Protein chains: 2
Amino acid sequence: MKPLVETLCVIGPGLIGSSILRRARLEPSIARHLIAVDRDAHVCDRARALNLADEITQDATAAVANADLVVLCVPVGVIPVVAAAIIPHMKAGAILTDVGSTRGSVVEGITPYLRPDIAYVPAHPMAGTEHSGPDAGFATLFENRWCLFTPAMNASPEAIATMEAFWQAMGARLRHMDVAHHDKICAIVSHLPHLLAFTICNTADTLADELRAEVLDFAASGFRDFTRIAASDPIMWRDIFLHNREALLEMLDRFSQDAQAMADAIRQDDEATIVRTIERGRRIRRNLIENKQA
Amino acid sequence: MKPLVETLCVIGPGLIGSSILRRARLEPSIARHLIAVDRDAHVCDRARALNLADEITQDATAAVANADLVVLCVPVGVIPVVAAAIIPHMKAGAILTDVGSTRGSVVEGITPYLRPDIAYVPAHPMAGTEHSGPDAGFATLFENRWCLFTPAMNASPEAIATMEAFWQAMGARLRHMDVAHHDKICAIVSHLPHLLAFTICNTADTLADELRAEVLDFAASGFRDFTRIAASDPIMWRDIFLHNREALLEMLDRFSQDAQAMADAIRQDDEATIVRTIERGRRIRRNLIENKQA
Ligand SMILES: NC(=O)c1ccc[n+]([C@@H]2O[C@H](COP(=O)([O-])OP(=O)(O)OC[C@H]3O[C@@H](n4cnc5c(N)ncnc54)[C@H](OP(=O)(O)O)[C@@H]3O)[C@@H](O)[C@H]2O)c1
Ligand SMILES: NC(=O)c1ccc[n+]([C@@H]2O[C@H](COP(=O)([O-])OP(=O)(O)OC[C@H]3O[C@@H](n4cnc5c(N)ncnc54)[C@H](OP(=O)(O)O)[C@@H]3O)[C@@H](O)[C@H]2O)c1
């Protein structure tokens, strides 16, 4: 059986990149030859020890010259930089994709470097953990998780179909949407919750010493679950916050107004507003449970 | 063996109250006779079906007349109301306690009704789930969870020792602290996280229809874990928010300032501040893990 692509090159074998490689190892229908690229010799050594790919190198330009599909798995702020460096060296007819968590800024950043003979088919797998690096990945990370496709550029229907089959082979469910919509959804379901979780940890960290110590002792009462997502990588999240700035700040603004309204209701003993707000919150939770998402 | 008390009376056999009764059923060292009081005949029927106590009644004043220990397990706004109704009917020498999640307002509300011959020994078990009612309780709810004692009133050392033994028999670990400290800790570890979780659900609920539907589809990317605690009971939380108003609004204010500082950093491309904030947040998470709380 002919695999989807002959040679798959993953740049950035961290949590997401190494999960793609691990899955490709298990599913021979994906690619015949696997290449992993990392700028750091130690990470390359680690990737070798984990046997993540057939070829592991620091030399991105040489690696992409032989690849039929190049997947950029680096922080969103770096995606255009790496794209600029590798695109001139890619094979005509190859496919370029990236897994970045934001779309608007990545598309804008990458567009000047695109070539008419390279299909750019971005797809964001909505899967992850709070861990990072090549050891953190696993082959089932994308199983039953959504992968959001935004409009492709310079791509034939075949190239798009190849990427759809690729993410299906990763175990993901597919959805197509436009860039602005993608960035708004991610702002509310992922980026704002992360920002708030980082922030409340920070607030707790600035409390007087005794109180701060007790936050740690008594965290089980809500704080703990609320902040689990705050263990994630700082550079990745810095980039996401900066590169989805507009949608994120808009959602934060709405949220801050809602929090302020709640504070006012508490200050003014406005029981009806408080109960209504809590009830609405619970409705969303109930819908999540019905949706089998909770 | 003589049990800790002869007759234990729980008023409000909901999540917390029914968990106390279930544990007392399993540990004969706690009480010889169990009484449950609920204002609602249907809840009494349900408590009977669950065999939660030896005597189940709607008549609180008759029930407390025979009790050596009365545990108020009703929402914090109602605790002083119920206390006012029952204290005149309690036996001299009996112990009164409540499990309310706030302390300042409860102590203030209950003090006018206290009697010199009744020991008031409040203790707040920091354990719960997002479910409520008599079916939600279970005997191990308090196992290895903290129970926070605030200063007792009109209480002999023996009465305090009885309540300590009581909560140890429930499986809890004990801590003593003053009222203001209790309310601040709970504001940051529990009440603020709940307020923020309710609020973000509310924000999501007010989004345009299409976006709102997709929040439900894509909730796995952070939103879901972040909002799990938002399924809790509206009346209980309305009361907690109103009755821990001062400490809660102070923590919310600090949090809002921190969130605003993060928004400013994002707006101004201030990478150092963003990374520092995320790093501090992660430090708290790491400490939780070292503390075996995560
Ligand atoms: N984690 C999630 O929840 C999640 C979910 C969906 C999408 N994503 C997106 O997936 C991408 C990767 O995230 P991840 O979680 O896999 O991160 P990760 O585990 O930290 O891996 C990041 C990879 O990018 C490389 N890298 C970082 N900076 C670089 C630079 N300046 N030049 C070249 N390579 C660089 C790293 O190399 P070194 O090891 O040498 O530093 C590493 O191989 C990001 O765009 C992220 O937004 C993440
Ligand atoms: N859930 C937690 O996480 C948690 C943790 C620690 C402490 N607490 C505290 O424990 C107490 C009980 O909470 P819970 O979670 O057990 O709540 P719950 O399951 O909703 O039970 C509340 C009980 O209070 C009764 N009640 C409500 N309003 C009343 C009124 N006006 N007059 C008389 N009885 C009334 C209810 O009776 P009906 O069934 O007839 O309405 C029910 O038996 C609250 O003070 C709460 O702050 C809760």
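In this predicted model, a backbone N or O atom of Val74(A) is placed 2.7 Å from an oxygen atom of ligand 1. The backbone is also involved at Ile16(A), where an N or O atom lies 2.8 Å from an oxygen atom of the ligand. At Asp38(A) the side chain takes part instead: one of its N or O atoms is 2.4 Å from an oxygen atom of ligand 1. The protein buries 83% of the 900 Å² that ligand 1 exposes when taken alone.

The shell around ligand 1 draws two or more residues from each of three elements of chain A, namely helix H1 (15-26), strand S7 (123-125) and helix H10 (234-243). In total, 25 residues surround the ligand. Leu15(A), Asp38(A), Arg39(A), Val74(A) and Ser101(A) are the closest of these. Sorted by class, the shell contains 14 nonpolar residues, eight polar residues and three charged residues.

The contact between the two chains was examined next. Chain A contributes 91 residues to this contact, and chain B contributes 91 residues. About 8,800 Å² is buried between chain B and chain A, and carbon and sulfur atoms give 66% of this area. On the side of chain B, Phe218(B), Phe226(B) and Arg285(B) together supply 8% of the area that the chain buries against chain A, which is more than any other three residues supply.

Twelve salt bridges are found between chain B and chain A. One salt bridge joins Arg238(B) to Glu271(A), with 3.4 Å between the closest N and O atoms.

Several elements of chain B each supply at least two residues of the side that touches chain A. They are strand S8 (146-149) and the helices H7 (179-205), H8 (209-217), H9 (223-227), H10 (234-243), H11 (245-267) and H12 (271-290). H7(B) gives the most to this side, with 20 residues. By class, the residues of chain B that touch chain A comprise 48 nonpolar, 19 polar and 24 charged.

Definitions and conventions. Residues numbered from 1 in each chain as written. Chains lettered and ligands numbered in written order. Predicted model: local features only at pLDDT ≥ 70, side-chain atom pairs only at ≥ 80, totals over all residues. Heavy atoms only, no water. Near = heavy atom within 4 Å. Polar contact = N/O pair within 3.5 Å; in protein donor to acceptor, adjacent residues only side chain to side chain. Areas by Shrake-Rupley, 256 points an atom, 1.4 Å probe, with all protein chains shown as cover. Helix = DSSP H or I, 4+ residues; strand = E, 2+ residues; numbered from the N terminus. Nonpolar A, V, L, I, M, F, W, Y, C, P; charged D, E, K, R; others polar. Contact = heavy atoms within 4.5 Å. Buried area = accessible area lost by both parts, 1.4 Å probe. Salt bridge = Lys/Arg side-chain N within 4 Å of Asp/Glu carboxyl O.
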